[in-house]
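These are notes for a colleague who is opening this model for the first time. Please keep the structure in view while reading the points.

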Amino acid sequence: MALVLVVEDEPNIAMILEEVLGDEGHTVVTAGDGSSALKRLSQAPTPEIALIDLCMPVVSGREVIEAIRSDPGLRGLPVVVISGAVPTPEVLPPKGSYQAYLAKPFSLKSVIETVQGLARAASTVSVPSD
């Protein structure tokens, strides 16, 4: 299973995601804002999947995703955008910078399926055949 970083400024949503994903066998770490997320991403072990809320105070989700994509060590980190607001071009990260988008209120089933799919994809190692 995967190490999942949940970046969410609403404590109840973060707690639910942590519990649900933990019940599925994932290890979950949380950050309550973008600044804490950037700090956590600079520490080992590196998360294997990140769920990032777009609308947060101080450092937005878009800024966190831009930092991830500009860091060579994190560039390949799968990102799931979560948002309760209708995203505008100024808020939504550019296409290709995230692997999935979940609109709040999202179903827990869709969260589980999205994370499981990304975890499977990340664990698939292609071995060249002779």
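How many of the residues of S1 are buried?

1. S1 is mostly covered, with 5 of its 5 residues buried; buried means under 20% relative accessible area, exposed over 50%, and partly exposed in between, with a 1.4 Å probe and protein chains only. Leu-3, Leu-5 and Val-7 are buried on one side of S1, and Val-4 and Val-6 are buried on the other. In a regular strand the side chains alternate between the two faces of the sheet.

2. This is a predicted model, in which local features need pLDDT of at least 70 and side-chain atom pairs count only at pLDDT 80 or more, while totals for chains, interfaces and linings use all residues. Residues are numbered from 1 along each chain as its sequence is written, and side-chain values use heavy atoms, with hydrogens and water left out.

3. The sheet is open and has 5 strands in the order S2-S1-S3-S4-S5, with parallel pairing. Its edge strands, S2 (27-31) and S5 (100-103), each pair on one side only. Between neighbouring strands of this sheet the average turn is 20°, direction ignored. Helices (H or I, at least four residues) and strands (E, at least two) are DSSP runs, numbered from the N terminus; two strands pair if DSSP finds at least two bridges between them.

4. S1 (residues 3-7) is joined to S3 (residues 49-53) by 4 bridges, and Val-4 has Ile-49 as its bridge partner in S3. To S2, S1 is joined by 5 bridges, with Leu-3 opposite Thr-27. Another 4 bridges join S4 to S5, where Val-81 has Tyr-101 as its bridge partner.

5. S1, H1 (residues 11-23) and S2 make a right-handed β-α-β unit; right-handed here means that, with the strands pointing away from the viewer, the path from the first strand over the helix to the second runs clockwise. After H1 comes Gly-25, with a positive phi near 100°.

6. Which residues of H1 are buried? They are Ile-13, Ala-14, Leu-17, Val-20 and Leu-21. Seen down the axis of H1, these residues fall within an arc of 140°, so they line one face of the helix; the arc is that of the directions from the helix axis to the C-beta atoms. Pro-11, Asn-12, Glu-19 and Asp-23 are exposed on the other side of H1. The cover over the buried residues of H1 includes S1, S2, S3, S4 and H4 (108-123).

7. H2 (residues 34-41) lies across S1 and S2, at about 160° to S1, and H3 (residues 61-70) lies across S3 and S4 (79-83), at about 150° to S3. Axes are lines fitted to C-alpha atoms, for helices over the stretch in contact, and angles run from 0 to 180 degrees between N-to-C directions.

8. Leu-51 is in S3 and counts as buried because its relative accessibility is 1%. Not counting residues up to four places away in sequence, Leu-51 touches Val-4, Leu-5, Val-6, Val-7, Leu-17, Leu-21, Val-80, Val-111 and Val-115; contact means heavy atoms within 4.5 Å. Leu-51 and Pro-78 are 27 residues apart in sequence, and their C-alpha atoms are 8.7 Å apart in space.
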